[in-house]
Amino acid sequence: MHVLAEDGGDNRFYAILRAELERVGAIADASAQLFDLSRPDLDFVSLANGMGVPATRAGTAEEPARQFERALSEPGPHLIEAMLSPTGR
């Protein structure tokens with residue numbers, strides 16, 4: 001099972017690559033958009049379902065626990081996409 005936490009922030013970027021480029025001063029506004037994964041937005045639930053993996057999206061604080069229990073009760077892989085509010089924004 002995989003839980004994908006979406007916070008509307010760095011999960012939509014190749015954050016590790018961006019951090020390495022920032023360290024050497026090689027990232028600018030024009031190159032930063034190359035690391036943006038939000039255009040187009042990826043629908044991870046649909047992608048998982050398309051590959052035969054059951055997947056759900058949690059939009060409230062209560063949903064992940066229910067979805068996690070359900071996923072554990074079924075054999076095989078399962079993806080839960082947890083949509084989190086960005087902190088401090």
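**Figure 1. Overall fold of the predicted model.** The protein comprises four helices and three strands, where helices (H or I, at least four residues) and strands (E, at least two) are DSSP runs numbered from the N terminus. Along the sequence these elements follow the pattern β-α-α-α-β-α-β. The model is predicted, so that local features need pLDDT of at least 70 and side-chain atom pairs count only at pLDDT 80 or more, whereas totals for chains, interfaces and linings use all residues. Residues are numbered from 1 along each chain as its sequence is written, and side-chain values use heavy atoms, with hydrogens and water left out. Of the 89 residues in the protein, 24% are buried; buried means under 20% relative accessible area, exposed over 50%, and partly exposed in between (1.4 Å probe, protein chains only). The protein exposes about 6,200 Å², of which carbon and sulfur atoms supply 58%; accessible areas come from the Shrake-Rupley method with a 1.4 Å probe, and for residues only the protein chains shown count as cover. Among contacts (heavy atoms within 4.5 Å) between residues at least 6 apart in sequence, 58% join residues at least 24 apart.

**Figure 2. Salt-bridge network of Asp 43, Arg 57 and Glu 81.** These residues are linked in a network of salt bridges, a salt bridge being a side-chain nitrogen of Lys or Arg within 4 Å of a carboxyl oxygen of Asp or Glu. Between Asp 43 and Arg 57, the closest N and O atoms are 2.6 Å apart. This pair links distant parts of the chain, with Asp 43 in the loop between α2 (29-32) and α3 (44-50) and Arg 57 in strand β2 (residues 55-58), 14 residues apart. Arg 57 also meets the side chain of Glu 81 in a salt bridge (2.9 Å, N to O). Here too distant parts of the chain are linked, since Glu 81 belongs to strand β3 (residues 79-83) and lies 24 residues from Arg 57 in strand β2. Glu 81 is buried, at 2% relative accessible area, while Asp 43 is partly exposed at 32% and Arg 57 is partly exposed at 38%.

**Figure 3. Salt bridge between Arg 70 and Glu 74.** The structure holds three salt bridges. One of them joins Arg 70 to Glu 74, with 3.4 Å between the closest N and O atoms. Both partners are partly exposed: Arg 70 has a relative accessible area of 44%, and Glu 74 one of 29%.

Figure 4. The largest nonpolar core has five residues, namely Val 45, Ala 48, Val 53, Ala 55 and Leu 79. Such a core is a set of buried Ala, Val, Leu, Ile, Met, Phe, Trp, Tyr and Cys residues joined through side-chain atoms within 4.5 Å. Neighbours within four places in sequence aside, Val 45 contacts Ala 55, Thr 56, Arg 57 and Glu 81. Ala 71, placed in helix α4 (residues 63-73), is buried at 3% relative accessible area. Ala 71 and Ala 55 are 8.8 Å apart in space, C-alpha to C-alpha, and 16 residues apart in sequence.

**Figure 5. Nonpolar surface patch of Leu 42, Leu 47 and Met 51.** Together these residues present about 290 Å² of accessible area. Patches are made of residues with over 30% relative accessible area and no salt bridge, like charges being joined within 9 Å and nonpolar side chains (Val, Leu, Ile, Met, Phe, Trp, Tyr) within 5 Å. Met 51 is located in the loop between α3 and β2 and is exposed, at 64% relative accessibility.
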